[in-house]
Amino acid sequence: MSAALAARRVLAAASHSGNEGGAKTWKILTIVLAFPGVSVCIANAYMKAQAHSHEQLEFVPYSHLRIRTKKFPWGDGNHSLFHNPHTNPLPDGYESSHH
């Protein structure tokens, strides 16, 4: 019998036994599987962020990108709501050349 089938049978049995076993089973699964899984994902994202180069990409003025038919209703009308000057260029290029 495979491990997946065994786990499925344990979970199925816990769901049919009433309220006394189901909550305990899900609590154990959360502690044993979910918390370590989330921790591994956080560590992976952190390590990838540390290894990522923070160099600004070269600006290429494609005609089909950054089209402004009307101004944004906030600020100067040219910056998006969550504008990042390092990664989001304006229609005529980046705001600054350094980070």
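**View 1. Residue classes in the lining of the largest pocket.** In this predicted model, the lining of the largest pocket is made up, by class, of three nonpolar, six polar and one charged residues. The residues concerned are His 52, Ser 53, His 54, Glu 55, Gln 56 and Leu 57, together with His 86, Thr 87, Pro 89 and Tyr 94, and the pocket that they line has a volume of about 170 Å³.

**View 2. Leu 57 in the pocket lining.** Leu 57, one of the residues that line the largest pocket, is found in the segment after α2. Its relative accessible area is 66%, so Leu 57 counts as exposed, the cut-off for that class being over 50%. Leu 57 and His 86, which also belongs to the lining, are 29 residues apart in sequence, while their C-alpha atoms are 9.2 Å apart in space.

**View 3. Gln 56 in the pocket lining.** Gln 56 is likewise among the lining residues of the largest pocket and is found in the segment after α2. With a relative accessibility of 26%, Gln 56 counts as partly exposed, because this class takes in values between the limits of 20% and 50%. The C-alpha atom of Gln 56 is separated by 9.9 Å from that of Ser 96, a residue 40 positions away along the chain.

View 4. Ile 28, Ile 31, Val 32, Leu 33 and Phe 35 make a nonpolar surface patch of about 500 Å². Leu 33, one of these residues, lies in helix α2, which spans residues 19–51, and is exposed, with a relative accessible area of 55%.

Definitions and conventions:
Residues are numbered from 1 along each chain as its sequence is written. This is a predicted model: local features need pLDDT of at least 70, side-chain atom pairs count only at pLDDT 80 or more; totals for chains, interfaces and linings use all residues. Side-chain values use heavy atoms; hydrogens and water are left out. On a 1 Å grid over the protein atoms alone, a cavity is a set of points where a 1.4 Å probe fits but cannot get out, and a pocket is an open set with protein on both sides within 12 Å along at least five of seven lines; lining residues have an atom within 4 Å of a point. Grid points are joined across faces, edges and corners, and a volume is the space filled by probe spheres set on the points. Ala, Val, Leu, Ile, Met, Phe, Trp, Tyr, Cys and Pro count as nonpolar, Asp, Glu, Lys and Arg as charged, and the others, Gly among them, as polar. Patches are made of residues with over 30% relative accessible area and no salt bridge: like charges are joined within 9 Å, nonpolar side chains (Val, Leu, Ile, Met, Phe, Trp, Tyr) within 5 Å. Accessible areas come from the Shrake-Rupley method with a 1.4 Å probe; for residues, only the protein chains shown count as cover. A salt bridge is a side-chain nitrogen of Lys or Arg within 4 Å of a carboxyl oxygen of Asp or Glu. Helices (H or I, at least four residues) and strands (E, at least two) are DSSP runs, numbered from the N terminus. Buried means under 20% relative accessible area, exposed over 50%, partly exposed in between (1.4 Å probe, protein chains only).
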